[in-house]
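Hi everyone, thanks for coming. Let me put the model up on the screen, and then we'll walk through a few of its helix contacts together.

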Amino acid sequence: MASILDLLKTQVGEQLVNKASEKTSEDKEKVSTALGMALPLIIGAMKRNTRDPEATKNLDKALQSEKHNGDVLNNLENREAEELSQEGSSILSHVLGAKQNGINKTLAASLNMDESSVKNILEMAAPVIMGLLGQQKRKDNVSASGLSGLLDSVLGSNSSHDQSLLETLLDSDGDGSVIDDVAGMVLGSKNKKGGSLLGGMFGGK
């Protein structure tokens, strides 16, 4: 079943790890571990917030914005780390509210990582999450009332959007073709700067 964690296996995930590692000076493996904890945590907070009709309405409105139409997934390499952090800070203030500092402290302690690094990693991840959700909302024509189900699917606990999410994650250049992106990820055949999945796994490019 597809889930938000599958994002880390894609070129977008690799680019996010690289950018966050450069910004925080933290080891890539540590950043990847932090993202593995942070991505479902942020989605889970969004899911919790959908219990409130007003919060659901606000999230739906935000995802309808062209800012969150999914372009970030296709253009992440060209986005400045500071720009992502600033945008993410605003997103997380809505999603996590007053709990954000406590979450940063908890994750930092469990990862033996500087708290400011954790804060930056979460902030940089937030626009990517919103882009993924915004693109998925458009692809599956999800209404405000369906956001809870969409978030469940992205968390990996509901299969109703599973195939569509898997296609979104695999179609990393947004051209609508899943097959060539799989070949590009595994074999590096599309010659993208991010390198191949196998290359990333074994330390190559």
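Which residues in α1 meet which residues in α2? On the α1 side they are Leu16, Val17, Asn18, Ala20, Ser21 and Thr24, and in α2 they are Lys28, Val31, Ser32 and Leu35, where contact means heavy atoms within 4.5 Å. By class, that contact has five nonpolar, four polar and one charged residues.

A quick word on the source: this is a predicted model, where local features need pLDDT of at least 70 and side-chain atom pairs count only at pLDDT 80 or more, while totals for chains, interfaces and linings use all residues. Residues are numbered from 1 along each chain as its sequence is written, and side-chain values use heavy atoms, with hydrogens and water left out.

Now the geometry. Helix α1 covers residues 11-24 and helix α2 residues 28-49, and their axes come within 9 Å and cross at roughly 115°. The axes are lines fitted to C-alpha atoms over the stretch in contact, with angles from 0 to 180 degrees between N-to-C directions.

Helix α2 also meets α6, residues 100-111: those axes come within 11 Å and cross at roughly 145°. Lys30, Thr33, Ala34, Met37 and Leu41 of α2 make this contact with Ile103, Leu107, Ser110 and Leu111 of α6.

Last stop, His68, in the loop between α3 (53-64) and α4 (71-75). Why does His68 count as buried? Because its relative accessibility is 7%, and buried means under 20% relative accessible area with a 1.4 Å probe, protein chains only. Beyond its neighbours within four places in sequence, His68 has contacts including Glu87, Met130 and Arg138.

Definitions and conventions: Helices (H or I, at least four residues) and strands (E, at least two) are DSSP runs, numbered from the N terminus. Buried means under 20% relative accessible area, exposed over 50%, partly exposed in between (1.4 Å probe, protein chains only). Ala, Val, Leu, Ile, Met, Phe, Trp, Tyr, Cys and Pro count as nonpolar, Asp, Glu, Lys and Arg as charged, and the others, Gly among them, as polar.
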